[in-house]
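Reader: Please take a close look at a single part of this model and describe the contacts there in one connected account. I would like residues and distances where they can be given.

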Protein chains: 2
Amino acid sequence: MIAGDGIEVIEGDCLAAMRALPEESVDLVFADPPYNLQLKGELTRPNNSRVDGVDAEWDRFDSFAAYDAFTRDWLEAARRCLKPDGAIWVIGTYHNIFRLGASLQDAGFWILNDIIWRKTNPMPNFRGKRFCNAHETLIWAARSETARPKFNYDALKSLNEGLQMRSDWLLPVCTGPERLRDDEGRKAHPTQKPEALLHRVLVASTEPGDTVLDPFLGSGTTAAVAKRLGRRCIGIERDPAYAALARARLAEVVRAERAAVAQTEGKRQAPRIPFGQLVERGMLSPGEVLESQCGRHRVKVRADGSVVAAESRGSIHQVGAELQGAPSCNGWLYWHVRIDGRLKPIDVLRQKLRAEMSS
Amino acid sequence: MIAGDGIEVIEGDCLAAMRALPEESVDLVFADPPYNLQLKGELTRPNNSRVDGVDAEWDRFDSFAAYDAFTRDWLEAARRCLKPDGAIWVIGTYHNIFRLGASLQDAGFWILNDIIWRKTNPMPNFRGKRFCNAHETLIWAARSETARPKFNYDALKSLNEGLQMRSDWLLPVCTGPERLRDDEGRKAHPTQKPEALLHRVLVASTEPGDTVLDPFLGSGTTAAVAKRLGRRCIGIERDPAYAALARARLAEVVRAERAAVAQTEGKRQAPRIPFGQLVERGMLSPGEVLESQCGRHRVKVRADGSVVAAESRGSIHQVGAELQGAPSCNGWLYWHVRIDGRLKPIDVLRQKLRAEMSS
DNA sequence: ACCCCAACTGAATCCCAAC
DNA sequence: CGTTGGGATTCAGTTGGGG
């Protein structure tokens, strides 16, 4: 079904194409839907008559209702393709993002964050009647409230030099050599998204080998970045000219080596090591004393990996919590041993063990 | 009807109070309605302290449908009070803003801009499961598509040091001496908005002598800023304790003869550029090699902006320091790339990016 | 008076594998 | 399905006490 490089461009209507895909088969959906609320193009309206001021309210209602129906349909089709723990990203502006977000919630998606793409070089408001419209909004939502979607927290923290990534992203609009142009030098697609934006989205919510579905592929930015980052991608585009544009673009993209797209992994992915293993392996001896950094609390290690204090016994976490009167405690960081005369958290022993076990 | 200073606090239900106001009598509505936060359990910080979340009765709704009905009702009542060329501002987060925006459109309001309040000091995401929710969204909408609402373009331009005001505003959350506290030092209102935010809204959309209506007055920020800026204000607050709080606060506010120049606004600084952005933007590729000037050390770039050496991984600064055995290292100057066959510090890439981003 | 450090806080939809 | 418990997780800024 998917080509050898894991990237496929389907030319056709996104509803039909998505309904032909297997259920629960994709890890992520990224969608940049049209926000043409006048219902030109693919959004057919029942009443094509031109409206004057008197009928303006009806026109508005028809427009919004039709857009909502269109949104409901493609969201439902996309949701069907998503794995249970999958997620969706959508992007839009104030013209459509509020309807899109409400439709997401109504369809059962669970919003995780809204993200602001702040443009470094937005088009100014020429008439001076409004604020310069300098951002677009993305919504990141899980397939359901109970879903547990991927989030590469540590990779994003790395992207932000050690600080937790915020919900406002500063990125330039797509210009210069990245912007695709036709033979006459006109932009080949009106709303081509910058690759940097998709890079951050895909690093955040997928891992190499995952499958991304883009129902409104357009110029193919999603597929291009997916290929560059070693993800698989199914892109759907109705317009033959845009589909051809995307295919030509993708032929030039080099798929990254697997090793190159590795990203910082969190501690949660590391294999769990029970404290008792430190004792079993002789890194700590039964009877040895652990102390808190401040020296206020001390426990003795027992052969079974539990620890005892004067009035308390249990796991390193339980005893640490009880002695501090705290609801919980990470014993790996709380308890220390004296190594070469200096207090070090027992977590360094765990790290050492992990290194030995992986080598 | 309005007191001599043009500021009135009405204690009571906002629907009834607004229906009692004359039609088409106010110039601007500012509304900070309940966000329908839907908080489930409690949340603790890594140090085990408890986050003081908003779980007030007034923020609980049974369903999205109930929230939508509530929204529809107060929007309709507010719209009735607005002059034909009047406008409305609403504020919210992803919990409610999409429903709020869609309801605005359904009610016949015409969205002019969405505005992002970027917080300088947001609460972090403590569990590392999402992006730090670092902004709130405001929507500015005209009473109707044909309305011609006020917009003090030049006043905002001067607030922004001569540059057209953008749709993203950087302002701190309300803390310090501005934050109202009760006798025991606890915050007197859970969601008090900063005056700087209202200052910018009122300077943008009203002129001295205009009447502002706030249906959810809370701690009274809207009325306080209106008074300070010489605007009239009708604030409605259901909770007697909050209404009393607002009245006491307003008694201390000095009505200005002329709008004072804001200090907190418009401060711009060179943006910090995380190393990861060079990768996102394609100036460096995952897998590319950086080397120290002497050639003694080499690292590989990863997709998330971290770098790896044989036995070390982390940020350009961390790995540089570790390989040199130094306490710290400026990775921007230490690491080099080969450009046109010559080694250049990666700082030249940062400078290039900065130049692009400020243009 | 000044500096330093510890404690505290802000509209928050915040864990998950094993049993 | 529910319960248990290991153990992972924070940034900018203010306040107040001690040296």
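Author: What follows looks at the interface of chain A and chain B. The model is predicted. In it, 75 residues of chain A are in contact with 76 residues of chain B. Together the two chains bury about 6,300 Å², and carbon and sulfur atoms carry 52% of that area. Three residues, Phe98(A), Phe131(A) and Glu161(A), supply 14% of what chain A buries against chain B, more than any other three residues.

The polar side of the interface can be counted as well. Between chain A and chain B there are 38 residue pairs in polar contact, with both residues at pLDDT 80 or more. The rule also finds 8 salt bridges across this interface. One salt bridge joins Asp168(A) to Arg118(B), where the closest N and O atoms are 2.7 Å apart.

As for secondary structure, several elements of chain A each give two or more residues to the side that touches chain B. Among them are the helices H2 (56–81), H3 (97–106), H4 (153–159) and H5 (195–205) of chain A. The strands S4 (110–119), S5 (135–142) and S6 (168–171) of chain A are also on that list. S4(A) provides the largest share of this side, 9 residues. Sorted by class, the side of chain A that touches chain B has 38 nonpolar, 19 polar and 18 charged residues.

How values were computed
Residues numbered from 1 in each chain as written. Chains lettered and ligands numbered in written order. Predicted model: local features only at pLDDT ≥ 70, side-chain atom pairs only at ≥ 80, totals over all residues. Heavy atoms only, no water. Contact = heavy atoms within 4.5 Å. Buried area = accessible area lost by both parts, 1.4 Å probe. Salt bridge = Lys/Arg side-chain N within 4 Å of Asp/Glu carboxyl O. Polar contact = N/O pair within 3.5 Å; in protein donor to acceptor, adjacent residues only side chain to side chain. Helix = DSSP H or I, 4+ residues; strand = E, 2+ residues; numbered from the N terminus. Nonpolar A, V, L, I, M, F, W, Y, C, P; charged D, E, K, R; others polar.
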